[in-house]
Amino acid sequence: MKPVKPNRVSVDRESLIIDVRRELDMPSRRLFGKRIVTLGGLAMLTGCSLSDDKSVETFLTRVSRLNDTVQGWLFDPNRLAPTYTEAQITRPFPFNAFYGIDEVPIVDGSDFRLKVSGLVQNTKTWSLPELYALPKAEQITRHICVEGWSAIGRWGGTPFSEFLKQVGADTSAKYVGFRCADDYYESIDMPTALHSQTLLTFTFDGQQLPPKYGYPMKLRMPTKLGYKNPKHIMEIFVTNKFPGGYWVDQGYNWFGGS
Amino acid sequence: MIAFALTKISFDDVTRQISPTNYLATNNEKLSLEDFMQTMNDGPKEIVAKDKRTSLEAQMNATHEAGSVSNPMRTIQPAWVRISHWLNALAAILMMLSGWRIYDASPVFKGFVIPTGITLGGWLGGALQWHFAAMWLLFFNGIFYLAMNVVTGRLKRKFFPLSPRAILHDLGEALKGHLSHAELMGGYDFARVVHFSAMSLLAAFIVVHLVMVSLVPRSLLTMIRGR
């Protein structure tokens, strides 16, 4: 191998002269530039607030609704969320709601009747034994919270598409809405309602759904974020009028999934 | 692949504009580092004197052979690259500030939270709205950047190994949602760590370039007006 020549750094003289001359002409500008990028200069920026402006809020909400539309386009009804093994289940599975665990609503199952309304052929109410008699399905999937944490759980119930078929729902309608015993409310798009992994669940980990996880029933959608999965469902309705949701009306994205 | 391509593109653009390579090794009239230091020490008079010694013709030749980089009136980067760069910077900063708020809702690293005073969005829901609005700025700006690169032939000149077809293929896959987090990054939780690490690299990138700009403020002017 040849010995490496010492690398002499060469300079484009003209560029250098032009720059040096310019800098020397304007020392104050140079100093100003330097001072802007100081900690003090940057700290002043923290006083700026864009979030409070009403028009900004309106704009961001509009973009979020636009994102709902795009997510609707991207949604593939045949694409399945990942499933997991029994050993991967998160134990204990975390409790999460907009209230504390001691405020979980207690629903009496013996005289419980699920209401069905809106664009359906049959608005008869459903008792729990009637619901339990529907075709069975089970899944071990990951519940992903909008906050960023996630937990794997095992839910059992009936395919929601089967329930919608039973009540003669107009599946060309846009939304399915839910009203819950804890004053939570939520709504989803029809394609997700008909997705094969969307289950109306009555059990958790092989046991009757405990109150903290949403007794008497929870809609489980592994394709959507946690807040989209309503618990303690008392009424289900089909509609073309955008029903919003508890968190959605405060700013969370409505589609909230993939 | 797109992520890598964009990283390369942005690195390339920024370093081209503000690195000392604009001065170095492009001229037939070479100066050693010692000469350079000497020039700096001599002050403006000496420079002018040296400058006068060079004939106008020699200067012109030197300028042309340097790929016209040294001509102060010549635009180093076209306007669309500059516009695209600054929109990119805006989108990256908005996504970073709002992303910090999102991070704080459930910190990846226990005990490490970002002071809410320097975050954007006010709360998780607001931060998510900012994040996914700035995403579109980044997205459409990226499309604009790639399209202009292809149309002007800049892509071929500068990023030869990347073919437009490969980029469009990946873009299509991403749009169809086939490049899911789980597939790409080995699990949801790990994807969060990757996401955070990428943000940290980007933040470090910005800090380093702010320092560079504060050392050579003229480069900022060049990046805005092109010369």
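This is a predicted model: local features need pLDDT of at least 70, side-chain atom pairs count only at pLDDT 80 or more; totals for chains, interfaces and linings use all residues.
Let me start with one lysine, K224(A): leaving aside neighbours within four places in sequence, K224(A) is in contact with I188(A), D189(A), T192(A), N229(A), F255(A), G256(A) and G257(A).

Where does K224(A) sit in the chain? K224(A) lies in the loop between β8, residues 218-220, and β9 of chain A. Buried or exposed? With a relative accessibility of 3%, K224(A) counts as buried, because the cut-off for buried is under 20%. As for polar partners, the K224(A) side chain makes a polar contact with the side chain of T192(A), at 3.4 Å.

Now the chain as a whole. Chain A has 7 helices and 9 strands. Of its 258 residues, 47% are buried. Chain A exposes about 13600 Å², and 57% of that comes from carbon and sulfur atoms. If you take the contacts in chain A between residues at least 6 apart in sequence, 68% of them join residues at least 24 apart.

Of the 6 residues in β4(A), 5 are buried, and the strand is mostly covered. β4(A) has antiparallel pairing with β5(A), residues 185-189, through 5 bridges. β4(A) also runs antiparallel to β9(A), and there 6 bridges join the two.

Two specific pairs, if you want to find them on the screen. Y175(A) stands opposite D189(A) in β5(A). That aspartate, D189(A), is also one of the contacts of K224(A). On the other pairing, R179(A) has E235(A) in β9(A) as its bridge partner.

β4(A) and β5(A) form a hairpin, with 4 residues between the strands. In that turn, D183(A) has a positive phi of about 65 degrees. What about cover for β5(A), enclosed or open? β5(A) is largely enclosed by the rest of the structure, because 4 of its 5 residues are buried.

On to the nonpolar packing. In soluble globular proteins, nonpolar side chains tend to be buried together. Here the largest nonpolar core has 29 residues, and the members touching the most other members are L114(A), L131(A), F160(A), F163(A), L200(A), M217(A) and I236(A). Which elements supply at least two residues each? In chain A they are the helices α5 (128-132), α6 (160-166) and α7 (190-193), and the strands β4 (175-180), β6 (199-204) and β9 (233-239).

Not counting residues up to four places away in sequence, L200(A) touches G157(A), T158(A), F160(A), F163(A), M217(A), K218(A), L219(A), I233(A) and I236(A). There is also a second, separate core, of 22 residues, and W149(A), C180(A), F204(A) and L128(B) are among them. Note that L128(B) in that list belongs to chain B.

Terms used
Residues are numbered from 1 along each chain as its sequence is written. Chains are lettered from A and ligands numbered from 1 in the order in which they are written. Side-chain values use heavy atoms; hydrogens and water are left out. Buried means under 20% relative accessible area, exposed over 50%, partly exposed in between (1.4 Å probe, protein chains only). Contact means heavy atoms within 4.5 Å. Accessible areas come from the Shrake-Rupley method with a 1.4 Å probe; for residues, only the protein chains shown count as cover. A nonpolar core is a set of buried Ala, Val, Leu, Ile, Met, Phe, Trp, Tyr and Cys residues joined through side-chain atoms within 4.5 Å. A polar contact is a pair of N or O atoms within 3.5 Å; within protein, one must be able to donate a hydrogen and the other to accept it, and residues adjacent in sequence count only if both atoms are side-chain atoms. Two strands pair if DSSP finds at least two bridges between them.
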